[in-house]
Structures are given as C-alpha cells and as structure tokens.
Amino acid sequence: MSYLKFDKTMLINLEESLLREVLRTNRKGAYHCTTIVDCNTRKYHGVLVMPVPGIDDENHVLLSSFDEAVIQHGAAFNLGIHKYEGNNFSPNGHKYIREYTMDVVPRTVYRVGGVILAKEKVFSKTDNQILIKYTLLDAHSPTTLRFRPFLAFRSVKDLTHSNDHANLSYQEVPNGIKMCLYANYPNLYMQFNKKPEFVYEPYWYNGIEYPKEQERGYEYKEDLLVPGYFELPIRKHESIVFCAGDIQRRGLAKLPQQFEEEVKDRTPRSSFFNCLKNSVHQMAYRPNNGADIYLLAGYPWFKVRARDLFIAMAGATLCIDEEHIYRQLMQTAIPALQTFMRTGMPDKVIREISEPDVLLWAVWCIQQFRFKKGLDEAKELYGDTVHEIVEYIIARKHPNLKLADGGLLYCDGRNKPVTWMNSMSNGKPVIPRSGYIVEHNALWYNALCFAKELSGDTATEHLDRLIQALDTSFPATFVNEHNYLFDYVDGANRDWSVRPNMVIALACACSPLSRTQKKMALDIVTKELLTPNGLRSLSPKSNGYRPNCSGSQYERDLAYHQGAAWPWLIGMYLTAYLDLFKQGGVLFAERMLISLEEEISQHCIGSISEVFDGNPPFAARGAFSFLMSISAVLQVIDRIKTYNEE
C-alpha cells in the first residue's frame, strides 16, 4: 500500500488535482515541477527549469511541457492537458489517468481502451537533466507513442509570447534533437534510449494560462513553441526512456538502467518522516558541483538565505542522522560569517548575511549541535566561532546591533526590516519592528550562556556581568502586566500586539524567564495564535489582523506577517511546550503534527508550505516547499522520539 496514492476519482476532479504539485530537484538549483495531472498552473512550473548563469541568477524554463499521445489503429489519444481562456482545458488527458503514486518517484498510470501505460519521472542529482520512463503494461494491438515538446526558454519571472526572434531550427543528435530558441541560452537536448522519428512542424500554442499567477495578480497568459513531434513504437512490457537536459547524453541504450540507478538513490516516501527527509534533500545546493554546500530556503523562488540556513540547519541534518552534512554546511557558512565580521563584505551565495539576527541564529544553530553531539565536540569544532561572534557583538562592531545598558541589544528597524518578519510595501517595512526586539534579546541571552558554557574554566567575568544584567533587564523590559511579552520596545513605544516571536524566547535553552512566566506566556500563544498548521503572526484580537494571505502582491505583503500562520514556529512552540511539560506534553505534540502530516498530500506532495491562512480552512500559501517549515517538524519529531525512548 502506497503512503502517497491518489485515485481516479480525485485525479479527474481538476478542482482537487490542480491544487497538488510535484517537485523534483537536483543539487545545482534546477528542478522539475508541475501538478499531479501534468497541467502547469504557475509560470514557475516546467519539465526542465534550471539556472542559466550567462543571463542572470534566476531559474529559467527551457522545456515547459512534454505531451504524450497513445496511437492505436491510426487514432491518437492525447494524454496532455493545458488551461486556456474561459476555464477551458485541452486536450483533457487527465481523464485517462487511473492512479498516481509517489513511493519513490512520481508514477502515473494511464488507461486508453486496452492500453495501460505507466509514466515515471526522476531528476538527475548531478546534472540538469530529467529522465521520464514510459512502460507499456498492457496492449492488445500495435501501439505507438507520440511526444510534443512545449518550449519556453525564458525566466521563471517572465512569460513568453509568439515572436519572430525565436530560432526555430534544430539539429539532429543521437536518438533525438537539440534546439536553442534564443542567444545566451544553452542547447536543450531531447533524446530517447532508442531512435524516434522526428516530424518537424513548428507551431505556437497561444493563450496557455497559469491560474496561480492570475490569483497572485500577475500576467498569466503565455504562448509556447512546439517544434514538432517525436514518434516511436512501443511493445508490451517495453520501457522507453526520454531524457531532456543541457548536455548531450551518451550511452543512450543504457538509459533504462541509469534511470533505475537514480531511483535506488532516493529515499522512499513511505512515511511522514521519510517525506520530510526527502524534501530536505531537495533543498541541497552545490553550485557548479563544487565543494561548498548550501540549503535553499524554499521552492520555487527562494535562494540561499542566511537566517533560514541557520534556523533550519540542525533539523535538516542532525535530526535525520546526517551529521556529515551539518559539518559540510558549517564549513561553507562559517567562512562567510567570518568574512562579514572581519571585512563587512557580504557573501555571494548566502544572502542577507548582514541581517542583525543572523549571528544570533548561528550561535543557536551551533547550540543544537551541542545538544545532539555533546559539549566537547561542539567546543572543539565551533567554540572559536561562538566566541568570535559574541565578542564581535559585545565590541559593538555590527552596524545595526548595539549593546545598550542592561545588556540588551538595540536594533533600528524603522526603515528596513531587521527580523524574519521582513515583508515590505512601498519601500517600507509592513511591520517596522525596532528597538529592543524580543527574539533578538532572547537569542542574545542564550548565546551568552552558551558561550560561557563553552568557555569552561577560562575567564568569563564579562559574560557573567552581561548575563546577570539581562536576568533583570529582560523580564523588566518585555514581560507585561497581561503575562505575555512585548514584541519590541523602543523608548516609550511598547508593542502590545500578541505575536509569535515571544515563543522563541520561551524555546531557548537558556532563558532569563521563570517557569511561571514561560507558562503564562505560552498560554496566551496557545489561546490566540495556535492553528493546526502553525502559529499566527498576529492575534485576531490585535489591530490590523489579516488572516488571508492571498490576492495581489500588495495584499499578500500586508497579510504575510499580520495574521497568516507559519509552520516553522510550531517547532519553537512545541519545543517550549515539551520543555515545560516534559513527557506529559508528548501526546499533545504528536496530535499537533497530524494536520501537518495531512498537508503533505494536499499542496506540494511530500512537503510543507511556507505559510497558511490564519483562519479556516487554513489554505496553504507562499512557497510550496519551505525549508524552515520542514526542518521545524523534523526537530519536533526528533524531540518526541527522544522522550519516547526515555
């Protein structure tokens, strides 16, 4: 029995099936993404989407769709599907789908009369290539397959339209062709494991629509070039493998074996944990196949972001028993941090490394390693890094992180976002959090205590003084008369909004708050912010609450941190809950994960979205596969496992 299986009834209902997306990636930032019925609903969708460094640092859609048709007795039955104006779909190939499963790789089974055809996809880990295997499971008469490639050759942020500038010529290569529509793009190689017949018949398919872009208020109509079609016969029980990529494939007769080798290297999606593990693996990024490794913040549009990297690193590696990946990530990230602290220079790959809280999250990330691998190993590997970060902050060297009286950190966020709540509108922060920010100072106290622990017997008088000062100043500054924490305090301006950032203070291993203060604050979070899929970014009782993160870019920016629910904060919330209630909180934590387990079959199959609406039915929004969401749940699963083992 497949863990992720979808039957005909759901698949032919486009209102259901078009909501479910499939993602496959490699380690170079390229990917394949579409819906489970292979109808593209975003401009970010495509059979082959990849970086083109010669143009820019964005991804580009080369091969948008690859439509199949089954031919018997001279009649063609088209399996593809595209959306056109007026809610019209053509050629409605989804009606032939009998089931869709994702045990290891996506597998679609079609039935056309007496023909039963299986289609499986795998994306190469090392190359910008996708392999699609077609297996004829049953047929009672001679069968031919016809394939039409829909070419785009454009940025994921743009759309293409019929024009006279596209280069419509092609060149034959072994068992296929290569094409390049525009200058500066690589060739697109389309090859099979056996020789097809290619019929050159260039034609623009006009007016293909992407409803997800229409929902988001963007241009949503596109024209795609079909240069012709491939045809080749297929016998019963035979497999044909198609390969599309930016390099010419050699040894084409061995494509079926190479397909199976790629499959063997994948984590089966046989459980909630394995789905998340597989999704984390999809975030790995090794540009140019180099030694440096990173984690992308999410698909389809995020790059490597410093804050996301350090928040998610431990859950994405240590909690799935991949300590070696954690070490490799740190070997890449620490030099970037050191370069920033010593020269002020940003990193070319890790974006936003100068954000004020990044250094604090980096120490928190190392502390997670200490909890998993022990104090001695953490000290040996990363003690110097923690010491350098803490001393850098104490010396007031950060351009926007100032050590004030009482040991608190002050940050100016009035004109530029300085926390993870970083949405902007008209060039200004939607949430101008400024001054003494609650999670900054909670992380700072935690960092000081961890630095002291790592220091051992060495002199720590200055750390002791700061810790003792914060023991008094933090509660005095942030704990209010209603028993929750101010979100930020800037002089006489105290933000009374009930926001989830206080839960980070409750989840830190070292805290200046008493157990009673933690419990009362957690009660407020539970009553006003908790949803099945995450913590609301603002309480419904607070002014400005906007639960629906939908509509135009402007409307989404306003709702992003004004009521929308964030799954990554569930990790912080349940960490705080388990710290307070220990074994007694395990059953509650397990129940909280049920909704998120249901999510992996609702939106991006096998993964968790960036954000959800704050009100029922809690629709998924934002990036459909988000690193911090996935990592947070993995950390909770790991904590629960530890308690259950004990």
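Mentor: We will take the labels one by one, in a model that is predicted.

Trainee: Why is the contact between Glu-99 and Lys-5 called a salt bridge?

Mentor: The N to O distance is 3.7 Å. The cut-off is within 4 Å, for a side-chain nitrogen of Lys or Arg and a carboxyl oxygen of Asp or Glu. The pair of Glu-99 and Lys-5 meets that rule, so the label holds.

Trainee: What makes this pair a tie between parts apart in sequence?

Mentor: Glu-99 lies in strand S9 (residues 97-101) and Lys-5 in strand S1 (residues 5-7). Those parts are 94 residues apart in sequence, so the pair ties them together.

Trainee: Are Glu-99 and Lys-5 buried, exposed or partly exposed, and how do you know?

Mentor: Glu-99 has a relative accessible area of 23%. Lys-5 has 42%. Buried means under 20% and exposed means over 50%. Both values fall in between, so Glu-99 and Lys-5 are partly exposed.

Trainee: How do you know that Arg-433 and Asp-487 form a salt bridge?

Mentor: Their side chains meet at 2.7 Å, N to O. The limit is within 4 Å, so the pair qualifies. The pair also links distant parts of the chain, 54 residues apart. Arg-433 sits in the loop between strand S26 (428-429) and strand S27 (436-437). Asp-487 sits in the loop between helix H11 (461-478) and strand S28 (488-490).

Trainee: What makes Arg-433 and Asp-487 count as buried?

Mentor: Arg-433 is at 1% relative accessibility. Asp-487 has a relative accessible area of 2%. Buried means under 20%, so both residues count as buried.

Trainee: How many salt bridges does the rule give?

Mentor: The count comes to 40. Some are linked in a network, which joins Asp-38, Glu-68, Lys-119 and Lys-121.

Trainee: Now the largest pocket. What makes 22 of its lining residues charged?

Mentor: Asp, Glu, Lys and Arg count as charged, so these 22 belong to those kinds. The lining also has 15 nonpolar and ten polar residues.

Trainee: How much space lies in the largest pocket, and which residues are closest to its centre?

Mentor: About 1200 Å³. Of 47 lining residues, the closest to the centre are Trp-301, Phe-302, Tyr-560, Glu-610 and Gly-622. Helix H14 (553-560) is among the elements that give two or more residues to the lining. H14 gives the largest share, four residues.

Technical notes:
Residues numbered from 1 in each chain as written. Predicted model: local features only at pLDDT ≥ 70, side-chain atom pairs only at ≥ 80, totals over all residues. Heavy atoms only, no water. Buried < 20%, exposed > 50% of the residue type's maximum accessible area, 1.4 Å probe, protein only. 1 Å grid on protein atoms, 1.4 Å probe; cavity = no way out; pocket = protein on both sides within 12 Å on 5 of 7 lines; lining within 4 Å. Points joined across faces, edges and corners; volume = space filled by probe spheres on them.
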